[in-house]
Amino acid sequence: MLEIPSPNKEIIQQYIEKWDNLEDHYIWQESSLDKLFHKDYKYNTDLNEKDKFFFHMWNNFMKNKNISDDFCKILIEFLNDNQTIIFENNLKKNFLFHIMIIYENRQISENDIIQIIDTLNNLSNKYQQNKMK
């Protein structure tokens, strides 16, 4: 049986370096996402259209980010940049689920989660207030 190592900072950094050194890595990334969501997992009932939409948005955002950066700041930046899309498409739960996975992978702390959720709630309140005007 093939053993797949658990991700760690060194393994991830190796893949980032390989990825960054690919010619036309954007084309490869889009091709990989297309294959994942529209071919290999097209009939995956665990991924609904909202999940696919959210992950496409997340992956587009992360294209130019370094995942070894402060993930809490990255998540807050993602929220700020995509707040309208998140709230208009009712993707709040998708985002919360995503941060829990990131937390389980030890990329953010409990304090980070509190900060991120505070940001999400503040943005959501502002969005609702603006919507009522």
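The legends below describe close-up views of a predicted model.

**View 1. The aromatic pair F54 and F78.** The ring centres of F54 and F78 are 5.8 Å apart and the ring planes meet at 85 degrees, so this pair is edge-to-face. An angle over 60 degrees is what puts a pair in that class. F54 belongs to helix α3, which spans residues 49-62, and F78 belongs to helix α4, which spans residues 71-88. The two positions are 24 residues apart in sequence, so the pair ties together separate parts of the chain. F54 and F78 are both buried.

**View 2. The aromatic pair F61 and F78.** F78 also pairs with F61, and this pair is edge-to-face. Here the distance is 5.2 Å from centre to centre, with 70 degrees between the planes. F61 lies in helix α3 and F78 in helix α4, so the pair links parts of the chain that are distant, 17 residues apart. F61 has a relative accessible area of 12%, which means that F61 is buried, because the limit for buried is under 20%. F78 has a relative accessibility of 0% and therefore counts as buried.

**View 3. The aromatic cluster.** The structure holds nine aromatic pairs. Ring pairs join F54, F55, W58, F61, F71, F78 and F95 into a cluster.

**View 4. The largest nonpolar core.** This core has 25 residues. Which of them touch the most other members? They are F54, W58, L75, F78, F95, I108 and I116. At least two residues of the core come from each of α3, α4, α5 (92-104) and α6 (110-132). Helix α4 gives the most, with nine residues.

**View 5. The surroundings of F95.** F95 is a member of the aromatic cluster and is also listed among the core residues that touch the most other members. Leaving aside residues up to four places away in sequence, F95 touches F54, L75, F78, L79, I116 and L120.

View 6. M57 is a residue of helix α3. Is M57 buried or exposed? The relative accessible area of M57 is 9%, so M57 is buried. When residues up to four places away in sequence are not counted, M57 touches F78, N82, I85, I86 and L91.

How values were computed. Residues are numbered from 1 along each chain as its sequence is written. This is a predicted model: local features need pLDDT of at least 70, side-chain atom pairs count only at pLDDT 80 or more; totals for chains, interfaces and linings use all residues. Side-chain values use heavy atoms; hydrogens and water are left out. Rings of Phe, Tyr and Trp (its six-membered ring) pair if their centres lie within 6.5 Å; planes under 30 degrees apart count as stacked, over 60 as edge-to-face and the rest as tilted. Helices (H or I, at least four residues) and strands (E, at least two) are DSSP runs, numbered from the N terminus. Buried means under 20% relative accessible area, exposed over 50%, partly exposed in between (1.4 Å probe, protein chains only). A nonpolar core is a set of buried Ala, Val, Leu, Ile, Met, Phe, Trp, Tyr and Cys residues joined through side-chain atoms within 4.5 Å. Contact means heavy atoms within 4.5 Å.
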